[in-house]
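Please keep the sequence and the structure in view while reading.

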Amino acid sequence: MRHPHRRRLNANPRLIVTILVIAAAPICAQAQDAQKVLKIISSDKSKTRIYCEMAKLGDQMEQANETGDSKKFDALFQKIYQLGKQLGPEYAALIDGLQDIDPQSEVGQEISSTLDALDNLCGG
């Protein structure tokens, strides 16, 4: 199971806009911010459950996008948006900063590794 926002960065412009709407915080994410988010989410069972639920909904959102079901996509987006608010401003700042980071850069690789660690909390 992969992070619901990260894998969509290259998917299509609508998904990129979705990420930007979810991530309202203006702070640019750095690798240390990703580690902070990992610590916050992994140390709080409630936030871990929320994150994992978002990942499941992200999978469903991806399927809805692939089948062109915009109504389902929008409903899932709203659920993810509401859940994302519960993860705190650090999470929003991390997601907001992803579009500014080259995934092949050292920082991009470190953030990707951290997001993989978050995904592993969900059993995948």
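Predicted model: local features only at pLDDT ≥ 70, side-chain atom pairs only at ≥ 80, totals over all residues.

## Leu121 and its surroundings

Setting aside neighbours within four places in sequence, Leu121 touches Ile41, Ser42, Thr48 and Cys52.

Is Leu121 buried, exposed or partly exposed? Its relative accessible area is 36%, which lies between the 20% limit for buried and the 50% limit for exposed residues, so Leu121 counts as partly exposed.

## The disulfide

Cys52, one of the contacts of Leu121, is joined to Cys122 by a disulfide with an S to S distance of 2.0 Å. A search of the whole structure finds 1 disulfide. Cys52 lies in helix H3 (residues 45–67), whereas Cys122 lies in the segment after helix H6 (106–120), so the bond ties together parts that are 70 residues apart in sequence.

The torsion about the S-S bond of Cys52 and Cys122 is about -95 degrees, and the disulfide is therefore left-handed. Both Cys52 and Cys122 are buried, whereas Leu121 is partly exposed.

## Helix H2 against H6

Two packed helices are described by the angle between their axes and by the distance between the axes. For helix H2 (residues 31–42) and H6, the axes come within 9 Å and cross at roughly 5 degrees. Because that angle is under 35 degrees, H2 is roughly parallel to H6.

From H2, the contact is made by Ala31, Ala34, Gln35, Val37, Leu38 and Ile41, and from H6 by Val107, Glu110, Ile111, Thr114, Ala117 and Leu118. Sorted by class, the residues of this contact between H2 and H6 are 9 nonpolar, 2 polar and 1 charged.

## Helix H2 against H5

The axes of H2 and helix H5 (residues 89–97) also come within 9 Å, but here they cross at roughly 140 degrees. H2 and H5 are therefore oblique to each other, and H2 passes H5 in a left-handed crossing.

On the H2 side this contact involves Ala34, Lys36, Val37, Ile40 and Ile41, while H5 contributes Glu90, Tyr91 and Leu94. Which classes do the residues of the contact of H2 with H5 divide into? They comprise 6 nonpolar and 2 charged residues, with no polar ones. Ile41 of H2 takes part in the contact with H5, in the contact with H6 and in the contact with Leu121.

Terms used: Residues numbered from 1 in each chain as written. Heavy atoms only, no water. Disulfide = S-S within 2.5 Å. Helix = DSSP H or I, 4+ residues; strand = E, 2+ residues; numbered from the N terminus. Buried < 20%, exposed > 50% of the residue type's maximum accessible area, 1.4 Å probe, protein only. Axes fitted to C-alpha atoms, helices over the stretch in contact; angles between N-to-C directions. Parallel < 35°, antiparallel > 145°, perpendicular 65-115°, else oblique. Contact = heavy atoms within 4.5 Å. Nonpolar A, V, L, I, M, F, W, Y, C, P; charged D, E, K, R; others polar. Left-handed = near helix turned anticlockwise from the far one by under 90°.
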